[in-house]
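Subject: Structure handover

Dear colleague,

I am passing on the structure that you will be working with, and below it I have set out what was found. Please look through the sequence and the model before reading on.

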Amino acid sequence: QIAREKSGVIKEGGRVVLYPEQKPTVTAIIQEACRQHGGELVIPSMEDVRPVRETIDGTEFQAGGLTLRTPFLGGHQLKNASVVLEVVKILRQRGFEISDQALLRGFAHAFIPARMEVLSHSPLCLLDGGHNPGCAQALREALERHVPGRKAAVVGMMADKDSAAALESVGP
């Protein structure tokens with residue numbers, strides 16, 4: 001349903017960059033929408049994006065001959081980065097001047113409040129506003145990898161969210 005709604009923004013003859021490793025049904029819906037609008041679907045290759053180092057403060061990776069750093073945490077950030085890099089490549093092909101330095105700065109200074117945001121290092125305090133199963137799984141993976149030992153959490157969610165499933169994903 002979400003893929004159908006999002007495909008409504010596809011323009012005639014446009015290019016669509018799709019997050020890699022989608023469910024086949026999602027990819028099929030977007031492919032069909034692109035076909036109907038004479039658009040081109042681009043799915044970035046993860047072969048060109050290689051992790052270098054990941055800490056609680058962010059992710060460093062190599063792509064396109066550059067070593068980039070983003071304050072975001074989690075393996076899924078490399079997939080997000082691949083989408084950004086593909087969009088920049090397309091914009092450059094269309095004549096937009098986006099320097100490698102601008103790309104480095106953009107990744108380094110990107111910020112999304114409350115997405116595995118480190119509020120304090122001592123004691124470690126993270127704030128995460130994710131509210132769907134994918135976000136809960138990403139939080140779990142980040143906590144398992146970067147926050148050893150016992151953890152304490154305060155959780156608040158809107159009534160329309162599946163809090164039990166989110167807690168099950170993040171737990172124990």
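**Glutamate 54 and its surroundings**

The side chain of glutamate 54 makes a polar contact of 2.8 Å with the side chain of histidine 146, where a polar contact is a pair of N or O atoms within 3.5 Å, one of which, within protein, must be able to donate a hydrogen and the other to accept it, residues adjacent in sequence counting only if both atoms are side-chain atoms. A polar contact of 3.2 Å also joins the side chains of glutamate 54 and arginine 145. This is a predicted model, in which local features need pLDDT of at least 70 and side-chain atom pairs count only at pLDDT 80 or more, while totals for chains, interfaces and linings use all residues. Residues are numbered from 1 along each chain as its sequence is written, and side-chain values use heavy atoms, with hydrogens and water left out.

Leaving aside neighbours within four places in sequence, glutamate 54 is in contact (heavy atoms within 4.5 Å) with Thr59, Leu73, Gly74, Gly75, Arg145 and His146.

**The whole protein**

The protein has six helices and seven strands, these being DSSP runs numbered from the N terminus, with H or I over at least four residues for helices and E over at least two for strands. From the N terminus on, the order is α-β-α-β-β-β-β-α-α-β-β-α-α. Of the 172 residues, 30% count as buried, and the C-alpha atoms fill a box of roughly 50 × 40 × 25 Å along the principal axes.

Strand β4 (residues 58–63) and β5 pair in the antiparallel sense over five bridges, pairing being assigned if DSSP finds at least two bridges between two strands. The bridge partner of phenylalanine 61 is leucine 68 in β5, and in the turn of this hairpin, which has two residues between its strands, glycine 64 has a positive phi of about 55°.

Strands β6 (residues 117–121) and β7 are antiparallel and joined by four bridges, with histidine 121 opposite leucine 124 in β7. They too form a hairpin, with two residues between them.

**The largest pocket**

The largest pocket has a volume of about 1,400 Å³. On a 1 Å grid over the protein atoms alone, a pocket is an open set of points where a 1.4 Å probe fits, with protein on both sides within 12 Å along at least five of seven lines, and lining residues have an atom within 4 Å of a point; grid points are joined across faces, edges and corners, and the volume is the space filled by probe spheres set on the points. The lining comprises 43 residues, of which Tyr19, Gln22, His76, Asn80 and Asn132 lie nearest the centre, and its largest share, seven residues, comes from α3.

With kind regards

Key:
Buried means under 20% relative accessible area, exposed over 50%, partly exposed in between (1.4 Å probe, protein chains only).
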